[in-house]
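This briefing is meant to be read alongside the sequence and the coordinates. Please keep both at hand while going through the points.

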Amino acid sequence: MSAAAGSDPCTRCGACCAAFRVDFHPACLASREADGVPDALTVPVTAQLVRMRGTDAAEPRCIALRGEIGVAVECGIYDRRPPPCRDFAPYAPLGMGDEACARARRRHGLAPL
Ligand code: SF4
Ligand code: SF4
């Protein structure tokens, strides 16, 4: 998801933040690197993996997501979001989604970009 306002469709979506597990290496935590992901927003999975809280719930929703999916959203830790979020559907903010983006949007009743 992107934080830029205006024509960015991600600011009116947020579906990917409520569709997939978001796992990454603990080296990206705030306790391990400056500007890392706040540890309290994650749960440990293995020694080599942590997960954004809420993303493995039956109805997944990342704890850092603010707003209403499909209406107006933002990532509460945008500048500190983990690598999977930075890498996800990189052209979606420009209106060009990919298959994973489309899958997340369909899950929330939104048409693909
Ligand atoms: S599902 Fe696609 S359009 Fe929606 S926030 Fe994620 S990347 Fe953006
Ligand atoms: S950290 Fe931010 S961009 Fe990543 S899943 Fe959570 S709300 Fe979405």
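The points below take up the ligand surroundings, the strands and a few individual residues in turn.

The model is a predicted one. A search of the whole structure finds 1 cavity of 30 Å³ or more, and ligand 2 sits in the largest cavity. Among the strands, 3 form an open antiparallel sheet in the order 1-3-2, while strand 4 and strand 5 form a hairpin.

- By class, the lining of the largest cavity consists of 11 nonpolar residues and 1 charged residue, with no polar ones.
- Around ligand 2 lie Cys17, Val22, Met52, Cys62, Ala64, Leu65, Cys75, Ile77, Pro82 and Cys85, and by class this shell has 10 nonpolar residues, with no polar and no charged ones.

**Ligand 1**

- Ligand 1 is surrounded by 11 residues, of which Cys10, Cys13, Gly14, Cys16 and Cys101 are the closest.
- The shell around ligand 1 divides into 9 nonpolar residues, 1 polar and 1 charged.

**The hairpin of strands 4 and 5**

- Strand 4 (residues 65–68) and strand 5 are paired in the antiparallel sense over 4 bridges, and Glu68 has Ala72 in strand 5 as its bridge partner.
- The hairpin has 3 residues between its two strands, and Gly70 in the turn has a positive phi of about 85 degrees.
- Strand 5 (residues 72–75) has Val73 and Cys75 on its covered face, whereas Ala72 and Glu74 are on the uncovered one.

**Individual residues in the loops and segments**

- Most residues other than glycine have a negative phi.
- Asp35, in the loop between strand 1 and strand 2, has a positive phi of about 60 degrees although it is not a glycine.
- Asp35 counts as exposed because its relative accessible area is 60%, and the cut-off for exposed residues is over 50%.
- Ala89, in the loop between helix 1 (83–87) and helix 2 (99–107), likewise has a positive phi, of about 35 degrees, although it is not a glycine.
- Ala89 counts as buried because its relative accessible area is 7%, and the cut-off for buried residues is under 20%.
- Arg21 lies in the segment before strand 1 and is exposed, with a relative accessible area of 58%.
- Arg21 and Thr11 are 10 residues apart in sequence, and their C-alpha atoms are 20 Å apart in space.

Conventions. Residues are numbered from 1 along each chain as its sequence is written. Chains are lettered from A and ligands numbered from 1 in the order in which they are written. This is a predicted model: local features need pLDDT of at least 70, side-chain atom pairs count only at pLDDT 80 or more; totals for chains, interfaces and linings use all residues. Side-chain values use heavy atoms; hydrogens and water are left out. Buried means under 20% relative accessible area, exposed over 50%, partly exposed in between (1.4 Å probe, protein chains only). Two strands pair if DSSP finds at least two bridges between them. A residue is near a molecule or strand if one of its heavy atoms lies within 4 Å of it. On a 1 Å grid over the protein atoms alone, a cavity is a set of points where a 1.4 Å probe fits but cannot get out, and a pocket is an open set with protein on both sides within 12 Å along at least five of seven lines; lining residues have an atom within 4 Å of a point. A molecule sits in a cavity or pocket if more than half of its atoms lie within 2 Å of its grid points. Ala, Val, Leu, Ile, Met, Phe, Trp, Tyr, Cys and Pro count as nonpolar, Asp, Glu, Lys and Arg as charged, and the others, Gly among them, as polar. Grid points are joined across faces, edges and corners, and a volume is the space filled by probe spheres set on the points.
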